Amino acid sequence: MSHLPPPAEPGDGTRAVHAGLPAPRPGRPALPGPVFAAHYHLPGDPAEATYGYGRNANPTWTALETALAGLESPGREAHAVVFASGMAATSAVLFTQLRAGDTAVLPTDGYHGTSGLIPRLEAFGVRVTTVPTGGPRQYAALDGARLMWTESPSNPGLDVCDLAALAEAAHARGALLAVDNTLATPLGQRPLDLGADFSMASGTKGLSGHGDLLLGYVVTRDAAAAEALRGWRAAIGAIPGPMETWLAHRSLATLQLRVDRQASNALAVATALRERPEVTGLRHPGLPDDPAHALAARQMRRYGCVVSFTLADRDTAERFLAALRIVDNATSFGGVRSTAERRARWGGDDVPEGFIRLSVGVEDAADLIADLTGALDAAAG
């Protein structure tokens, strides 16, 4: 009789490296290449074929979807659906779950692309109310709602809401909870384990991490909801290319390495920025004195790569960005290369003119801190 302990659950790194890979076969690659096909051999009844036409299914999608379901919901069955972009994934959830006469609750301080869907939802007869992330207004807004969409941490303000409590409150009122998990990634937070009905993310950002593709996905434990998402994807053609899908799957192998490095760098950078008197409104969930830290510590395993802060005005922020040498002045976040931008330039976020969203990459922390503090010095001069 063996006295060896039972196998332990694999760690995040092991899970990410092996996510969605087929069983080993002699002479075959560990991760099969992308399948480029508009159609497949299809004799007989099409309903019996796994793959028949490229707008409906692709083996490369299947592999990545298997991987994402395993990362977002380890140990419990879940269904992942990949899309051409994060906005395609967001739209799929909202337009498959809402009907004319329904009420949806969206964040006032979330991604401005999601807010851009409000007039389109209203045009279809959906009533939309908006509330800030966190606080009692989120719970009050659930009365009469069909679905609440939230981000935690929010982008770009980095506020956090209690996802388990929100899910419980939503379900008690007959509402669904959908969570944008882009900033946290599935290694930072698992919304489905906290009770959410949908976990959505833009794979463009931290999941793939290299700034070289557009992708989105949704994971749910509801098989019927997943089938509705697939039907929506096929009907409107919001399908990802096989190359982008394969690149995203390939990138999962370094996900844990990247998010750990980015999280530690972000905390180091945020700690250094605290010492600068010209920096106000500094936010990062990993800072012990951040307003969101206590809640984030309960439901997150990693605090993400984004740091936000405000400089005196637009001109100071622009001088700061122009003086950076390592950090790129660019939008998006979650990549291996650090980026920063003045978010007010887009006009869709309720932030001051000098508000900076900084996405911390995997460079050496000391070099990043030197670049940022040097640029602050230049901006003040």
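Here is a friendly note on some charged and aromatic residues in this structure.

1. Before you start, know that this is a predicted model, in which local features need pLDDT of at least 70, side-chain atom pairs count only at pLDDT 80 or more, and totals for chains, interfaces and linings use all residues. Residues are numbered from 1 along each chain as its sequence is written, and side-chain values use heavy atoms, with hydrogens and water left out.

2. Let us begin with the salt bridges (a side-chain nitrogen of Lys or Arg within 4 Å of a carboxyl oxygen of Asp or Glu). The structure holds 22 of these salt bridges. One of them joins the side chains of aspartate 12 and arginine 190, at 3.7 Å from N to O. Aspartate 12 sits in helix α1 (residues 12-18), while arginine 190 belongs to the loop between β5 (176-180) and β6 (198-202), 178 residues apart. Helices (H or I, at least four residues) and strands (E, at least two) are DSSP runs, numbered from the N terminus.

3. Are aspartate 12 and arginine 190 buried or exposed? Both are buried. Buried means under 20% relative accessible area, exposed means over 50%, and partly exposed is in between (1.4 Å probe, protein chains only).

4. Next, look at arginine 302 and aspartate 260, whose side chains meet in a salt bridge of 2.4 Å, N to O. Arginine 302 is buried because its relative accessible area is 14%, whereas aspartate 260, at 28%, is partly exposed.

5. Glutamate 341 and arginine 343 form a salt bridge too, at 2.6 Å from N to O. Glutamate 341 has 0% relative accessibility, so it counts as buried; arginine 343, at 2%, is also buried. Salt bridges with shared partners join Asp12, Arg190, Asp193, Arg221, Asp260, Arg301 and Arg302 into one network.

6. Now for the aromatic pairs: rings of Phe, Tyr and Trp (its six-membered ring) pair if their centres lie within 6.5 Å, and planes under 30 degrees apart count as stacked, over 60 as edge-to-face and the rest as tilted. The count comes to four aromatic pairs. Why is the pair of tyrosine 40 and tyrosine 51 tilted? Their planes are at 40°, so the pair is tilted, with the ring centres 5.7 Å apart.

7. Finally, find lysine 205, which lies over the face of tyrosine 111, 5.8 Å from the ring centre. The charged end of lysine 205 also sits over the ring of phenylalanine 333, at 5.6 Å from its centre. The rule here is NZ of Lys or CZ of Arg within 6 Å of the ring centre and within 35 degrees of the ring normal.
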